[in-house]
Amino acid sequence: MLEVKNLHATVDGKEILRGINFSVRAGEVHAIMGPNGSGKSTFASVLAGNERFEVTDGEVLYEGRDLLSMSIEDRARAGIFLGFQYPVEIPGVSMANFLKVAVSEKRKYQGLEPLSAAEFLRMMRERASVVELDSKLTSRAVNEGFSGGEKKKNEIFQMAMLEPKLAILDETDSGLDIDALRIVGTGVTKLKRPDNATVVITHYQRLLDYIVPDYVHVLYKGQIIYSGDKSLALKLEKEGYDWLINQYE
Amino acid sequence: MERSLENRWIERYRAWAATRGAASVPLLEAVRRKALEAFERLEIPAKGSGHGDRYHYTDLRTAFAGEYRLATEAAPASATDSDSLPIQGHRIRLLNGGCGEKTLTRLSNGVIFGSLAAAARQEPSLVERYYDTLTDPQDVFSAMSALWMQDGVFVYVPTGVEEPLPFVIEDEVGDGGEALYCFARHLFVFERGSAARLVWDHRSRGEASTLKCGTREVSVGEDARIEMVELYRLSAQAVSVSGGYVRQARNSRFESLSASFNGALLRHDLTVMLDGCGAENRTDGVMLAGEAEKFDYTTDIRHHVSDCTSSEQFKSIASGEGTAVFSGRIYVAPDAQRTNAYQQNNGLILNTGAHVYTKPQLEIYADDVKCSHGATVGQLDPEAIYYMRQRGISLQEARRLQMYGFVREVLGKTRIEGLAEVLEAMAVDKIDRL
Ligand SMILES: Nc1ncnc2c1ncn2[C@@H]1O[C@H](COP(=O)(O)OP(=O)(O)OP(=O)(O)O)[C@@H](O)[C@H]1O
Ligand SMILES: [Mg+2]
């Protein structure tokens, strides 16, 4: 599904990603861990197409297509979803309107008929319940005045609405209370299908109790320096990154 | 002072006066004579010229320098056309400042509406009580509009009457191919305890250059509840210079919303006199200026007595070489204690070359006053656009959503049935061209 080869990217001339190799097949769950500032969010942003970053080398194939030549919105319509570490507030734009446009643009891209108003409302209600999102929130402006945890739940709600093939969730667990963590974790698991894949970026093993990864990768200074199975996350939680970093340097 | 422009206008007036018949209404003629005297000593303001800084950003002198024909005879207004607003209401149709047949409509509840010229003839004592009582003698545009006016809108709602249907003023300017000036005076009288809603639709007929100059007086009686919404969708060659004087009595409420969508130069000058305790005023506006459009809304909210409330909210977006100006003066008289005055102006600039100016001016002479004002000027939020695009929304649609989201709060304030949807469609249409 996704094939990343030797990806290099810079921001303001400063190299952040320094040769990432990474591949994801349908049905898999990958976790990316790593110390603060190692480039995890940058990696996710580059995959999403954020124009702040410049790709200086390498290639990315998504379902056999050259992902890096696609616009941000086409990547999204083709099934890439980024759960933001810091979801953005959009004053004056209601959740309902925002999602209506997003869903219909995606359906248009897929050659599907637009949903009727009733179908759309039913879908909103149904998907909001996946993450137990308060229905009052869906009538407000996008993320405006949402609490930190509500914003994260809202990301998963949007994921449920857009049914991505490849979801990249950037620290969706941070800022969640214990119950919300469980709701979000099981919510993501409910959305899992054999033909989609999930990449979770996290600092903590506890999210991985719900979203059980097939692979765990450690990103450090813009490179994946180590990959393992889910037991790696447990080891990192106990021992930190020093042993890996020492080995690497 | 260099008066060649004013002198040219005076010559124009004398030439026109010589050709006019005697069948005029004494009351209007008396005000016309007074206006001529005033105009002989007033000047048409250039940019930045004095007048307490009222013309800081906008040059109106140049606008009056064209060699246009003066629209002196009120042409017949058109019947309903496809541009007509899909809003139910009592229609008042104006073309080039005149109501055509100069008729008045009287409803069984005592409401009178239609042509001001007709009202001055048929209801002289009523009109005399209010006409030209609120204008500022230093206001050259109110003098000019009184001098050349043939007609205008008249609306009268008697004591205690709550008129259920809105008044819809369809105000067209232009006349096929010819460039022209037109002037009008308008009078609105809302007696004690009355309630009414008005929609004023400013449109162009054809694409020729026009300059429309109008002054309205609005008298809001005790406990009256009035809402007025104005929309400007004039042609790219049309200039509008519009003055408003609103006087509010005790516990009255006057709410206005103006949407400036299209026009070469739209200048609004609003003076609100809060003359009765407990009066409430709300003045809101949206300006969407693209290409070389220039929209300027200047307000003067005058708290003359205690315990009044005023709030202003203006939102502007400018693109191309467009300019949006909001200047808001708030005056609080020495005895106007427990005044509550609020003013907010937010602007978005889409590119360099576009301008949004904001000029709050507070003059507060009382000590027990709550007064707040805030202004921001910014750009579209690239993070929000990125976020929307990441959800599959196109760049164009993301910009549109963000811009509409910005002005929606203001346009959504109207309670006139069906009007918010109309304003939304017009705003989105304009936003797509910004
Ligand atoms: N716009 C920018 N300008 C300059 N430096 C940037 C910019 N964006 C990111 N960086 C730098 O790139 C590096 C990687 O940042 P990134 O956000 O990808 O880290 P991260 O692994 O997600 O960290 P965290 O765990 O704290 O979320 C950091 O050193 C950061 O300061
Ligand atoms: Mg990060």
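Relative accessible area is classed here as buried when under 20%, exposed when over 50% and partly exposed in between, with a 1.4 Å probe and protein chains only. By that rule A:Glu63, at 42% relative accessibility, counts as partly exposed. This is a predicted model, in which local features need pLDDT of at least 70 and side-chain atom pairs count only at pLDDT 80 or more, while totals for chains, interfaces and linings use all residues. Residues are numbered from 1 along each chain as its sequence is written, chains are lettered from A and ligands numbered from 1 in the order in which they are written, and side-chain values use heavy atoms, with hydrogens and water left out.

**Backbone**

- A:Glu63 is not a glycine, yet has a positive phi of about 45 degrees; the residue is placed in the loop between strand E4 (54–62) and strand E5 (65–66) of chain A. Helices (H or I, at least four residues) and strands (E, at least two) are DSSP runs, numbered from the N terminus.
- B:Glu291, also not a glycine, has a positive phi of about 45 degrees and lies in the loop between strand E14 (280–289) and strand E15 (294–303) of chain B. With a relative accessible area of 61%, B:Glu291 is exposed.

**Magnesium site**

- The magnesium ion (ligand 2) has A:Ser41 (OG) and A:Gln85 (OE1) as its protein donors, 2.0 to 2.2 Å away. Donors are N, O and S atoms within 2.8 Å of the metal (3.2 Å for Na, K and Ca); water is not among the atoms, so sites may look incomplete.
- A:Ser41 is partly exposed at 26% relative accessibility, whereas A:Gln85 is buried at 16%.

**Interface of chain A and chain B**

- Chain A gives 33 residues and chain B gives 18 residues to the contact, where contact means heavy atoms within 4.5 Å.
- The two chains bury about 2,100 Å² between them, 59% of it on carbon and sulfur atoms; buried area is the accessible area (1.4 Å probe) that two parts lose on being put together, summed over both.
- In chain A, the most area is lost to chain B by A:Glu73, A:Phe84 and A:Val88, together 23% of what that side buries.
- The interface holds 4 salt bridges, a salt bridge being a side-chain nitrogen of Lys or Arg within 4 Å of a carboxyl oxygen of Asp or Glu.
- A:Arg52 and B:Glu383 form a salt bridge, their closest N and O atoms being 3.1 Å apart.

**Salt bridges within chains**

- Over all chains, the whole structure contains 53 salt bridges.
- A:Lys151 pairs with A:Glu89 in a salt bridge at 3.1 Å between the closest N and O atoms. The former lies in helix H5 of chain A and the latter in the loop between E6 and E7 of chain A, 62 residues apart.
- At 17% relative accessibility A:Lys151 is buried, while A:Glu89 is partly exposed at 33%.
- B:Glu170 and B:Arg203 form a salt bridge, with the closest N and O atoms 2.8 Å apart. B:Glu170 lies in strand E6 of chain B and B:Arg203 in strand E8 (residues 195–204) of chain B, so the pair ties together parts that are 33 residues apart in sequence.
- Both B:Glu170 and B:Arg203 are buried. Salt bridges that share partners join B:Arg91, B:Arg93, B:Glu170, B:Asp201, B:Arg203 and B:Arg233 into one network.
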